[in-house]
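Reader: I would like a close look at one part of this model. Please keep the answer connected and brisk.

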Amino acid sequence: MATSKIKKGDMVKVIAGRDKDKEGKVISVNRKTNKLLVEGINMVTKHAKPSMANQQGGIIHQEGPIDASNVMYLHKGKPTRVGFKMDGDKKVRFAKSTGDIID
């Protein structure tokens, strides 16, 4: 399977959809469906029954999944595309706008 361009913990900017131009930190990545959970983005309302974990129940606001194609990686506060290159014998991500190695 190909390496994901966006990983958990990355800062991203939404480039399409209801939350366009908002920024947030990636909470989780689902590589199978190519979807992300981003902090504070695509908030959905969920009705929960009372349970042991949530004694009160009621209406919960939580992040919904957003497609990875609708976000861009933020490098030094600016959105940029992400590429891969070999650094010695290690495959690394780099910002295409500056050429800087991300990790």
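Reader: Is Lys35 buried, exposed or partly exposed?

Author: This is a predicted model. Lys35 is partly exposed, because its relative accessible area is 32%, and the class runs from the 20% limit for buried to the 50% limit for exposed.

Now its partner. Lys35 forms a salt bridge with Asp67. The closest N and O atoms are 3.9 Å apart, and the cut-off for a salt bridge is 4 Å.

β3 and β6 run antiparallel and share 2 bridges. Leu36 stands opposite Ile66 in β6.

Step back to the sheet. It is open and has 6 strands, with antiparallel pairing. The order is β6-β3-β2-β1-β7-β8. β6 and β8 stand at the edges, and each has a single partner strand, so one side of each has no neighbour in the sheet.

What about other charged pairs? Side chains of opposite charge can pair when their charged atoms come close. A search of the whole structure finds 4 salt bridges. Lys35 with Asp67 is one of them.

Another joins Lys76 and Asp100, with an N to O distance of 3.0 Å. This pair also links distant parts of the chain, 24 residues apart. Lys76 is in the loop between β7 (71-75) and β8 (78-80). Asp100 is in the segment after β10 (90-95). Lys76 counts as exposed, at 68% relative accessibility. Asp100 is partly exposed, with a relative accessible area of 26%.

Asp19 and Lys22 form a further salt bridge, at 3.1 Å from N to O. Asp19 is buried, because its relative accessible area is 10%. Lys22 is partly exposed, at 42%.

Back to the starting point.

Key. Residues are numbered from 1 along each chain as its sequence is written. This is a predicted model: local features need pLDDT of at least 70, side-chain atom pairs count only at pLDDT 80 or more; totals for chains, interfaces and linings use all residues. Side-chain values use heavy atoms; hydrogens and water are left out. A salt bridge is a side-chain nitrogen of Lys or Arg within 4 Å of a carboxyl oxygen of Asp or Glu. Buried means under 20% relative accessible area, exposed over 50%, partly exposed in between (1.4 Å probe, protein chains only). Helices (H or I, at least four residues) and strands (E, at least two) are DSSP runs, numbered from the N terminus. Two strands pair if DSSP finds at least two bridges between them.
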